[in-house]
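Colleague: I am new to this structure and would like to learn how to read its strands. Could you take me through them?

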Amino acid sequence: MLGLGGTGVAAASTLDRGLGAGLLGASVTEERRRAVVIGSGFGGAVTALRLAKAGVPVLLLERGIRWPTGPNAETFPHMWSPDRRCSWLSPTPALGNVPPAVYRPYTGVMERVPGAGMDIVCGAGVGGGSLVYHGMTIQPTEANFATSMPSCIDYEPFDRDYYPRVKARLRPAPIPDDVLGAPSYRASRMFLDRVAASGRQGFRVPLPVDWDFARAELRGKMKPSYTTGDVIYGVNNGGKHSLDVTYIAAAEATGCVDVAILHLVRDIERDAKGCWVVHVDRINTDGDVQERKRITTDALFLGAGSAGTTRLLVKARAKGLIPDLPDGVGGRWGNNGDRIFTWTPLGSSPGALQGGPACVGHKDWDNPAGALTIVLGPVPFPVDANTTTLIGFGIVKNPRGQFIYDSVRDDAVLQWSQTYDSDMTSAIRARIRSIVGEGPIAELTSLTIDTTALDPSTYHPLGGATIDHVCDTHGRVLGQRGLYVTDGALIPGSTGACNPSLTIAALAERNMDAVIRDDVDKIF
């Protein structure tokens, strides 16, 4: 991910399935906590660790399960043989372009959040989107950062302190020469060759990966995962520095953090005393409700990802649970400019089982149409389909997506039009074609297809509770003492033509410095 964050929100249909007759009249368990964090993605994981290191006891609510990996594990499902582990409480796979399958719903690792005009794909489980994202840990330039981030956010401390802080924990590294030279990485080498032939420069994407695991796969010491590109639902062998084994492990090691899995947040509200109330269903892996909880806290941190956090806030405003939320709640949402194309080179094939994760790309940051990044997204085709994928993203200059409350579904639904990013789509398509050689018939060396047009979706949702419109410069919700947003919902639409994960985590690091300095022992 996909700058992908795990959400803690359920639509009414998911909840209704678990409301057995024995629970309809059941009492609600009451619980009091000093600080509660909803979601264990990049914002929530950073927040939990920083609070814990400040000595604040934290309850970290995660709707999904833990996904422990190890060499030769079968923790995660495989892309081309999907099973019930693929999807969050859905009978079908979250990805729209994989073999069809039907199974009994399960608290799986990926959710597809349906919208009007655009769906959001996000992670579910301890570690949120870091479980399923490729891990592109790319830092924007100062100019690109300034173009996409709120004007009150200064790049210099990010460059000096916060980006390095996140990198020190995630330990991103580019693919080494020996791995890139392996036969299964032919697609990556082909793309770099095409970039060079077009007169441009490629780059190796920093990834939070211990490349010795890929080397072990190449030597036959581990079953293939990295080296066949079978990583979209998670990496079975381990070696990926996802949040569960970095930030969250460090947070739990302090003794100040309780991670509560299978805790599905239904609603949030402010009570008459000004405290925050979290309405939670504790579920089992089939989605059946085992217990209802009412958790009260003085400090509530929303880290359920752009989709989850925004939906909770829009619901709370529409239902009168927090009636005086800012008018901007639900707006200024964007998809990071995401666009996915298939690439079929003519006369040569990228091969089957293409090595990954997405480890090579091109920074088209001087493009007159706006900064773009193009990366190769390897695909684990079981047979040679002569095809791979290319992923483009850029800077959304006018994020126009909006979440609207739907009382029938008791959920907030994204409203999006393909016209909102049509100019960026055209720029991405033009740059891809100029690299891979698609042109007039006489010059045709490649075929590309815009798969996002066929299946409108994004892995990089951003916005919905943005700084300056809903929150102050450090994520405090305006007019709401002790309520914080700590994830990609703060960022209006894009993160400087880069995968959002690094910037989301760095922003959370920055914001928590201020919260710990100014709010701990005063607000909560």
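This is a predicted model: local features need pLDDT of at least 70, side-chain atom pairs count only at pLDDT 80 or more; totals for chains, interfaces and linings use all residues.

Colleague: Let us begin with strand β2, residues 58-61. Are its side chains buried or exposed?

Modeller: The general idea is that side chains in a regular strand alternate between the two faces of the sheet. In β2, V58 and L60 lie on one side, L59 and L61 lie on the other, and all four are buried. Both faces of this strand are therefore covered, taking buried as under 20% relative accessible area.

Colleague: Which way does β1 run relative to β2?

Modeller: Strand β1 (residues 29-38) runs parallel to β2, and four bridges join them. Within this pair, V36 is opposite L59 of β2. To get from β1 to β2 the chain passes through helix α3 (residues 42-53), making a right-handed β-α-β crossover.

Colleague: What does β2 share with β6?

Modeller: Four bridges, again in the parallel sense, link β2 with strand β6 (residues 257-260). L59 faces D258 of β6 there.

Colleague: Now the sheet that holds β3. What is its strand order?

Modeller: The order is β3-β4-β17, in an open sheet of three strands with mixed pairing. β3 (110-113) and β17 (457-458) are the edges; each has a single partner strand, so one side of each has no neighbour in the sheet.

Colleague: How many bridges join β3 to β4, and in which sense?

Modeller: Four bridges pair β3 with β4 (residues 119-123), and the sense is antiparallel. E111 sits opposite C122 in β4.

Key. Residues are numbered from 1 along each chain as its sequence is written. Side-chain values use heavy atoms; hydrogens and water are left out. Two strands pair if DSSP finds at least two bridges between them. Helices (H or I, at least four residues) and strands (E, at least two) are DSSP runs, numbered from the N terminus. Buried means under 20% relative accessible area, exposed over 50%, partly exposed in between (1.4 Å probe, protein chains only). A crossover is right-handed if, with the strands pointing away from the viewer, the path from the first strand over the helix to the second runs clockwise.
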